[in-house]
Amino acid sequence: MTMDDRVGMTPASDNAMSNLLAQNWWAIALRGVFAIIFGIIALLMPGAALLAFVLLFAAYMLVDGVLAIIAGVRAAQRHERWGWLILEGILDLIAGGIAVVWPVVTIVAFVFLMGAWAIVTGALLFGASFRLNIQHGRWLMAFAGAASVIWGVLLIIWPLIGAVVLTWWIAAYALFFGVALLVLAFRLRGRRPDAVAPPSGAVPRGV
């Protein structure tokens, strides 16, 4: 097959994908609706959203811990290395249990981790800015690094407020994402093969 043949096949495959998405526009619309509902809940009730995040994290860690222990037991039966798998599973179970019993502690620990990450990366960025030429935007890099450090310090000083702000950011993203999907869904709905009018002069099928 030549390159021209492959290039010629691209529009056909793109049309097939477009028609498939247009026929299933309702699925994209549902994703948009659920994203908007989640964004509204996270915006109006950030505490409930944070609790849902923690419970989801706990469920994941518990399931992952059980699977890691099962993998470790099977590795031991095959006389393979199993110690790290068992240890990983136990730590996952402990983390999941802490998240269930003390969700606030989990939230604060997560915010502290985010704050430490923001401080370290911001300090590195601020330090690297002095090696950048002034004409290349040294002050912009320095400003970004300083802003990251300040944000990290604020997260550590007020972790719960920082958690609420992070939830609001996630809510804003979910709302934007949901609206974009809804607009796309209704645009696809108008482009369905059965919704597009046949061109003038075309002979209908079955005639």
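This is a predicted model: local features need pLDDT of at least 70, side-chain atom pairs count only at pLDDT 80 or more; totals for chains, interfaces and linings use all residues.

Tutor: Residues are numbered from 1 along each chain as its sequence is written, and side-chain values use heavy atoms, with hydrogens and water left out.

Student: What makes a set of residues a nonpolar core?

Tutor: They must be buried Ala, Val, Leu, Ile, Met, Phe, Trp, Tyr or Cys residues joined through side-chain atoms within 4.5 Å. Buried means under 20% relative accessible area, exposed means over 50%, and partly exposed is in between (1.4 Å probe, protein chains only). The largest nonpolar core here has nine residues, including Trp25, Ile28, Leu181 and Leu188. H2 and H7 are the elements that give two or more residues to this core. Another core, of eight residues, lies apart from it, and Leu50 and Ala163 are among them.

Student: Why does Ser148 count as buried?

Tutor: Its relative accessibility is 18%, and the cut-off is under 20%, so Ser148 is buried. Ser148 sits in helix H6; helices are DSSP runs (H or I, at least four residues), numbered from the N terminus.

Student: How do you know that Ser148 has a polar contact with Ala118?

Tutor: A polar atom of the Ser148 side chain lies 2.7 Å from the backbone oxygen of Ala118. A polar contact is a pair of N or O atoms within 3.5 Å; within protein, one must be able to donate a hydrogen and the other to accept it, and residues adjacent in sequence count only if both atoms are side-chain atoms.

Student: And the aromatic rings: why is the pair Phe38 and Phe53 called tilted?

Tutor: Rings of Phe, Tyr and Trp (its six-membered ring) pair if their centres lie within 6.5 Å; planes under 30 degrees apart are stacked, over 60 edge-to-face and the rest tilted. By this rule there are three aromatic pairs. Phe38 and Phe53 have ring centres 5.9 Å apart and planes at 55°, so the pair is tilted.

Student: What makes Trp151 and Trp169 stacked?

Tutor: Their ring centres are 5.2 Å apart and their planes are at 25°, so that pair is stacked.
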